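This briefing is intended for a reader meeting the structure for the first time. Please keep the sequence and the 3D view at hand while reading.

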Amino acid sequence: MFDLKSDYEPKGDQAQAIEKLLKSIDAGNKHQALWGVTGSGKTFTMANIIQGVGKPTLIMSHNKTLAAQLYSEFKNFFPNNAVEYFVSYFDYYQPEAYIPRTDTYIEKDSSINDEIERLRLSTMGSLLTRKDVIVIASVSCIYGLGSPDDYKDMMLSVKVGDEIGRDEFLGQLVELLFERNDIEFGRGKFRVRGDVVEIRPAYLEDTAIRVEFFGDEIDRISEVDSVSGKKRGEMDDYRFFPAKQFVTSNVKMKKAMVSIRKEMKQRVAEFEKDGRLIEAQRIRMRTDYDLEMMNEMGFCQGIENYSRHITGRDPGARPYTLLDFFPDDYLLLADESHATIPQVGGMFEGDKSRKGVLVDHGFRLPSAMDNRPLKFAEYMEMTRQKVYVSATPGPFEFINCRPDNKKYIPWVRGEMSANQAIKLLKKQVSPSQSTDSLESFDVNSRGSTLMVEQIIRPTGLLDPVLTMKPLEGQIDETIALCKDRVEKGERVLVTTLTKKTAEELTDYLLGVGLKVRYIHSDIDAVERVEILRQLRAAEFDILVGINLLREGLDLPEVSLVCILDADNEGFLRNETSLVQTAGRAARHVRGECVLFCDRITDSIQALIDITEYRRARQIAYNEEHGITPESVIRSVQQSLGMNHEVKKSAKDMNMAMVADTEADYNVLEVLAELETEMREAAAKLEFERAGHLRDQIAELKKKTAASKKPAAVKKRDVDYRDL
C-alpha cells in the first residue's frame with residue numbers, strides 16, 4: 001500500500017535494522033525497539049519499516065515541533081499516500097480550573113488554530129476511508145474524541161441523480177454542524193445561490209464542493225476553488241464528513257440530555273444533603289445553561305465534559321480517542337520513546353487532579369471525570385504492535401525488548417536488579433504516587449522481543465571524543481577551551497545545573513570578552529528558536545544552558561560540549577542526559593565532550609562504555625568502506641532572521657510616525673505583510689515562525705495605539721491569537 005520515494009538506499013546499519021525489525025513484526029511480537037544514534041538515519045529506517053509492514057501507522061512524538069518535522073519528512077517519503085498530522089489544535093489553552101484556597105475560578109480559555117483543526121479532521125476522515133494512512137501525532141491522540149461510529153454514521157454521501165430536495169440537503173448539512181454564511185465563506189460553512197449550494201468542507205484547504213440542483217434532483221457535483229470560484233473538475237459523487245470533531249445524531253443528543261439532567265438532579269440532591277447549598281446551586285445553573293444551549297444550538301461550551309452521556313458509555317469506561325479510528329491491526333512508532341512514553345504515562349493523573357477539584361466544588365458533574373486521556377494500561381492495550389525509536393532508550397524499552405548487545409543494560413552490568421528497573425520504570429511512566437496502571441507488567445516477560453542497534457552513520461562521523469577534567473578550575477578551563485574553538489570559527493555548548501548558575505556564568509564569560517548567551521525554561525519558545533539560529537549564524541559563539549541542550553537540537557557548527565559538575569549524579573546528569581547532551585557535538589568532525597568531574601559515576605561510566613563501543617564500530621566501518629568523515633553542512637534557517645529585520649524596520653517606522661503624517665499608511669502596510677507571512681507560516685506548520693510574527697504584530701499594534709493616530713491601526717483590529 002505504501003509507495004516510498006527516495007533517492008538513496010539503506011546504508012550503514014540501516015539495512016540490518018530494517019530486516020530484523022520487519023522479521024520481528026511479522027512474527028507477531030508486540031514490542032520492538034530501534035536503538036539508533038543521532039545522525040544514523042532513523043527516520044529513513046522508520047519509512048522503510050512502514051513500507052515493509054504495509055499497515056496503517058501511527059507515529060507519536062513528544063512535542064509539536066518534532067512532530068511537524070516528521071510530518072514534513074514523511075510527506076516527502078510518501079507523496080502518493082495519506083500522510084496526516086494530528087496534534088493539539090490550540091495556539092493558546094488555559095484549562096478550566098478552581099483554586100479552593102483563594103476561591104478562584106478560572107474559566108477555560110483557548111485559541112484554536114484553524115489550520116491544525118483542518119488537519120485533525122482530515123486525519124479522522126482518512127482513517128475511516130483509506131488504509132494507506134500514516135498519522136504523525138503528539139500525545140493529543142490519547143485525549144477524548146467523538147465516537148468513530150457516530151462520525152462515520154453522520155457522513156453524508158451524495159451522487160449525481162440522487163432525488164433529494166435542496167432544503168432537505170441543507171438540513172442534513174446543518175446536522176453535520178455546517179453553518180450557513182453567504183458572505184464569509186470559511187471552512188465548515190456553506191452558501192446558497194438559488195439552486196446552487198457551495199459547501200466548504202472543514203478538512204480541505206482551499207477547495208469547495210458545488211452541488212447544483214434541477215428540481216428535486218442533484219444535477220451536477222463540481223470541485224471549485226474556494227476563493228476564485230473557478231471550476232477544477234466534475235465528479236459523480238462526493239462524501240461529506242462532519243464539520244466538527246464532536247458530532248452525534250439528534251436522537252443520541254436528546255437521549256444524552258435526559259441522562260445529563262438525571263445526573264444533575266442526583267448531584268444536587270447529594271450537595272443539599274451535605275448542606276453544601278452553594279455547590280448545589282452552582283452545578284444546577286451550569287448544567288441548565290449547557291442543556292439549553294445543546295437543545296437550541298446542538299452544541300455548548302465544554303461539551304466534551306458530557307461525552308460519556310453523548311456516546312452512551314458506562315461510568316468509568318475509557319473515552320473514545322484517535323486510536324479508535326484506526327483499524328484493529330495497525331503499527332505504532334514511538335519517536336524519542338524515552339520522552340514520549342513517560343509523557344503518555346503522566347497525562348491521566350494530571351487531568352484527574354484538576355477535574356477532581358472542579359467536580360468536588362460543583363463546577364462540573366462527576367461524569368466529566370470520564371472525559372480524560374487514556375490510562376497507561378489502556379494505551380498499551382490499544383496499541384498492539386509497537387516500535388520504540390530512541391538514541392537513549394529508557395527502562396521501559398529495556399524491560400520490554402531484548403537488545404542485540406546486552407552489555408549496556410544497567411541490570412545486566414550488575415548495577416540494577418530487574419525489580420529495581422521495574423520500580424524505576426513506574427517512577428518514570430507514572431510520576432504520581434499511583435502506579436496501578438503498571439501492575440500488569442510481568443518482570444519475567446521482559447526481553448521477550450527485540451531491540452536493534454543502529455549506530456553506523458553513513459556520513460562516517462564518530463561519536464564525540466570524551467575528555468575528563470577536574471572540577472577545580474573548571475570555569476578557567478572552560479574559558480580556555482572556548483577561546484580555542486572560537487578562534488577556529490566553531491561553536492560551544494556549556495551545560496550547568498541551575499538557571500542562576502547559567503545566568504551568572506554568562507555574565508562572567510561576557511566579562512572576559514567572549515560572545516555568549518544563555519537559554520533555559522524562563523525564555524519563551526519563540527526566543528529560544530531565535531537564540532539557536534543566532535548561534536548557528538555566528539552572531540555569538542557560546543551557548544550556556546541546563547536541560548534544553550538535548551534531544552531535538554540540530555547544531556552542526558557545535559564542535560565542543562562542556563558539561564560542568566558532571567559527577568553530580570541526578571536527573572540532569574544521568575545516563576540519558578549525558579548521552580543526549582554529548583550527542584550535540586556528533587555532527588562535527590572535531591566533536592568533543594569535556595566532562596568536569598572528580599569521580600566517575602555510574603552514568604559517566606555508561607557514557608564512556610557506549611561512546612567507546614560506538615566509535616570502535618564506526619571506525620571499523622569507515623576503514624572497511626574507505627569513508628573519510630566530514631562535518632554536516634546545513635544552511636542556517638533564514639526565516640527568523642528575516643523576521644528580525646522586519647521587526648527592526650517596523651520599529652524604526654513606528655518611531656518616525658510622530659513626525660511623518662503618512663506613517664500610518666506605512667504601518668498598516670507592514671501589519672498586512674506580517675499578517676500574510678504569519679498565515680503562510682501557520683499553513684506550513686512553522687509554528688515558531690508564526691508565533692514570532694504574531695508577537696511582532698502585537699508589539700507594533702501596541703506601540704501604534706499609543707501614537708498620535710491610533711484609529712488608523714484599529715481599522716485592522718484582529719485577534720491575532722486565533723492565528
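The structure is a predicted model. It holds 35 salt bridges and zero disulfides.

**Salt bridges**

- R210 and E198 form a salt bridge in which the closest N and O atoms are 2.8 Å apart. R210 belongs to strand β13 and E198 to strand β12 (residues 196–200), so this pair ties together parts that lie 12 residues apart in sequence. Both R210 and E198 are buried.
- R457 and D463 also meet through their side chains in a salt bridge, with an N to O distance of 2.9 Å. R457 counts as buried because its relative accessible area is 3%, and D463 is likewise buried, at 9%.
- Salt bridges with shared partners link E96, R286, D290 and R364 into one network.
- A further salt bridge joins the side chains of R232 and E223, at 3.9 Å from N to O. R232 is partly exposed, with a relative accessibility of 41%. E223 is partly exposed as well, with a relative accessibility of 28%.

**Negative charge on the surface**

- A patch of negative charge on the surface is made up of E163, E168, D216, E217 and D219.
- One of these residues, D216, is situated in the loop that connects β13 (207–214) and β14 (217–225). D216 counts as exposed because its relative accessibility is 55%, and exposed residues are those over 50%.

**Cysteines**

- The structure has zero disulfides. C562 takes part in no disulfide, and the nearest cysteine sulfur, which belongs to C482, is 5.3 Å away. A disulfide would require the two sulfur atoms to be within 2.5 Å.
- C593 is in no disulfide either; the nearest cysteine sulfur to C593 is that of C562, 7.9 Å away.
- C562 is buried, with a relative accessible area of 0%. C593 is also buried, at 0% relative accessibility.

**Positive phi angles**

- Most residues other than glycine have a negative phi. Two residues with a positive phi are described here.
- D103, which is not a glycine, has a positive phi near 50°. D103 is located in the loop between β5 (97–99) and β6 (104–106). With a relative accessible area of 53%, D103 is exposed.
- E336 has a positive phi of about 50°, although E336 is not a glycine. The loop between β17 (331–335) and α10 (337–360) contains E336. In terms of accessibility, E336 counts as buried, at 14%.

- I116 forms part of helix α4 (residues 114–129). I116 is buried, with a relative accessibility of 0%. Although I116 and S88 are 28 residues apart along the chain, their C-alpha atoms are separated by 7.7 Å.
- V247 sits in the loop between β16 (237–240) and α7 (250–273). V247 counts as buried, at 7% relative accessibility, because the buried class covers values under 20%. V247 and L177 are 70 residues apart along the chain, and their C-alpha atoms are separated by 7.6 Å.
- K64 lies in helix α3 (residues 64–77). K64 is partly exposed, with a relative accessibility of 25%.

Terms used. Residues numbered from 1 in each chain as written. Predicted model: local features only at pLDDT ≥ 70, side-chain atom pairs only at ≥ 80, totals over all residues. Heavy atoms only, no water. Patch = residues over 30% accessible without salt bridge, like charges linked within 9 Å, V, L, I, M, F, W, Y side chains within 5 Å. Areas by Shrake-Rupley, 256 points an atom, 1.4 Å probe, with all protein chains shown as cover. Salt bridge = Lys/Arg side-chain N within 4 Å of Asp/Glu carboxyl O. Lys, Arg positive; Asp, Glu negative; His and termini not counted. Charge placed at Lys NZ, Arg CZ, Asp CG, Glu CD. Helix = DSSP H or I, 4+ residues; strand = E, 2+ residues; numbered from the N terminus. Buried < 20%, exposed > 50% of the residue type's maximum accessible area, 1.4 Å probe, protein only.
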